[in-house]
Amino acid sequence: SDNLWYEGIPFPKKDYNPEILRKVQEEFVIKDEDVLIITFPKSGTNWLIEILCLIYSKGDTKWIQSVPIWERSPWIESEPGFAFANDREGPRLLSSHLPIHLFPKSFFSSKAKVIYVIRNPKDIIVSGYFFWNSVHFVKKPKSMEQYLEWFLEGNVPYGSWFDHVRAWMSMRERENFLMLSYEELKRDTEGNIEKICQFLGKKVEPEELNLILKNSSFQAMRENKMSNFSILDDTYIVHKNPLLRKGVTGDWKNYFTVAQAEAFDKLFQEKMADLPQELFPWE
Ligand code: A3P
């Protein structure tokens with residue numbers, strides 16, 4: 001299977017089409033009270049969704065255990081997500097992987113809150129290699145080496161990681177924009193949940209915070225069939241449980257050769273040297 005190409009960006013073939021992608025950009029109305037989770041795929045999107053759902057429910061698991069994660073926070077650019085999002089009353093929790101230049105135009109004059117999550121691109125490559133090989137409707141790499149090559153060319157779902165991150169990061173001084181990293185979220189989950197609550201203007205009690213932590217853990221999500229993608233039927237997935245793979249930082253060390261890592265780091269320096277390096281909290 002190949003990808004769907006739209007405006008020079010590859011997308012998965014199922015659930016995406018040019019008409020919806022155009023409509024999302026031109027017609028989708030982002031409302032001031034919306035909260036958006038935006039990421040390049042494999043950066044920890046679903047972890048953030050689970051945390052936000054639990055913040056909204058004060059740690060209670062009823063919602064996260066009864067509604068599939070993609071319905072709780074619809075992917076606005078996919079066909080089913082677009083329909084879910086349009087039907088929903090506010091305040092909406094929404095997700096997107098869109099690069100900023102294809103994002104709904106209405107966003108730029110709204111007060112909607114955005115949480116943008118970044119992750120070490122070397123870990124995104126490893127995570128993406130396994131994930132895209134576990135689902136249908138995307139072009140399949142034959143090896144990690146080939147996937148790395150495609151990633152560097154921007155020939156993977158949602159295009160160039162470098163362009164995505166650079167463009168979205170340019171919003172970082174905005175009041176309604178919170179940038180988080182997978183690495184910091186792993187290192188200090190509790191502190192970052194508190195940061196998110198503050199950003200959303202939500203007060204949580206210490207015992208609620210404990211429930212949020214416990215119920216959004218890797219293990220809890222892995223066991224929650226509404227969050228681990230296992231209820232997707234086999235028109236979507238090749239292997240059961242494609243999402244909650246390892247949930248660690250630095251797994252790239254098990255897959256990159258020394259030469260690949262050095263070449264990647266060199267390219268990273270070339271492409272991102274002008275940005276403050278403290279924005280990238282990983283090794
Ligand atoms: P790995 O493949 O490295 O394990 P996304 O949701 O953007 O597709 O990202 C998926 C990645 O986030 C996967 O990484 C997955 O294991 C990880 N992840 C999901 N939930 C997590 C959690 N609760 N804690 C830690 N990592 C999590």
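Me: How much space lies in the largest pocket?
Reply: Happy to start there, with the reminder that this is a predicted model. The space in the largest pocket comes to about 1000 Å³.

Me: How does the lining of the largest pocket divide by class?
Reply: Pro counts as nonpolar here and Gly as polar. On that basis, the lining of the largest pocket has 24 nonpolar, 13 polar and seven charged residues.

Me: Which element gives the most to the lining of the second largest pocket?
Reply: This pocket holds about 180 Å³ of space. Its lining includes Glu 183, Lys 186 and Arg 187, and helix 9 covers residues 182–187. With three residues, the element that gives the most is helix 9.

Me: How many charged residues are in the lining of the second largest pocket?
Reply: Asp, Glu, Lys and Arg count as charged. Among the lining residues are Asp 123, Glu 183, Lys 186, Arg 187, Lys 253 and Glu 283. Beside three nonpolar and three polar residues, the number of charged ones is six.

Me: Which residues line the largest cavity?
Reply: By class, this lining divides into five nonpolar, two polar and one charged. The residues themselves are Asn 3, Trp 132, Lys 139, Tyr 147, Trp 150, Asn 155, Val 156 and Pro 157.

Me: Which element gives the most to the lining of the second largest cavity?
Reply: The lining here is made of Phe 40, Pro 41, Lys 42, Ile 124, Gly 128, Trp 132, Tyr 147, Val 156 and Pro 157. By class, that is seven nonpolar, one polar and one charged. Ile 124, Gly 128 and Trp 132 are in the lining, and the element that gives the most, with three residues across its span of 121–132, is helix 6.

Me: Is Lys 42 buried or exposed?
Reply: Lys 42 sits in the loop between strand 3 (35–39) and helix 2, and its phi is near 80 degrees, a positive value in a residue other than glycine. Its relative accessible area is 12%. Because buried means under 20%, Lys 42 counts as buried.

Me: Where is Phe 137, which has a positive phi although it is not a glycine?
Reply: Phi of Phe 137 is about 70 degrees. With a relative accessible area of 26%, Phe 137 is partly exposed. Its place is in the loop between helix 6 and helix 7 (144–153).

Me: What separates the C-alpha atoms of Glu 89 and Arg 72?
Reply: Glu 89 lies in the loop between helix 5 (79–87) and strand 4 (93–96). At 66% relative accessibility, Glu 89 counts as exposed. Glu 89 and Arg 72 are 17 residues apart along the chain, and their C-alpha atoms are separated by 12 Å.

Me: Turning to the inside, which element gives the most to the largest nonpolar core?
Reply: The core has 92 residues, of which Phe 11, Trp 161, Ile 196 and Phe 280 touch the most other members. With eight residues from its span of 45–56, the element that gives the most to this core is helix 2.

Me: Which residues does Phe 11 touch, not counting those up to four places away in sequence?
Reply: Phe 11 is one of the core residues that touch the most other members. Beyond four places in sequence, Phe 11 touches Asn 3, Leu 4, Tyr 6, Tyr 16, Leu 21, Leu 98, Leu 102 and Tyr 158.

Me: And the chain as a whole: what is its radius of gyration?
Reply: The chain has 13 helices and six strands, and 54% of its 283 residues count as buried. Its C-alpha trace spans about 50 × 40 × 40 Å along the principal axes. A compact globule of 283 residues would have a radius of gyration near 19 Å, and the chain agrees with that, at 18 Å.

How values were computed. Residues are numbered from 1 along each chain as its sequence is written. This is a predicted model: local features need pLDDT of at least 70, side-chain atom pairs count only at pLDDT 80 or more; totals for chains, interfaces and linings use all residues. Side-chain values use heavy atoms; hydrogens and water are left out. A nonpolar core is a set of buried Ala, Val, Leu, Ile, Met, Phe, Trp, Tyr and Cys residues joined through side-chain atoms within 4.5 Å. Buried means under 20% relative accessible area, exposed over 50%, partly exposed in between (1.4 Å probe, protein chains only). Helices (H or I, at least four residues) and strands (E, at least two) are DSSP runs, numbered from the N terminus. Contact means heavy atoms within 4.5 Å. On a 1 Å grid over the protein atoms alone, a cavity is a set of points where a 1.4 Å probe fits but cannot get out, and a pocket is an open set with protein on both sides within 12 Å along at least five of seven lines; lining residues have an atom within 4 Å of a point. The radius of gyration is taken over C-alpha atoms; the globule rule is 2.2 Å times the number of residues to the power 0.38. Grid points are joined across faces, edges and corners, and a volume is the space filled by probe spheres set on the points.
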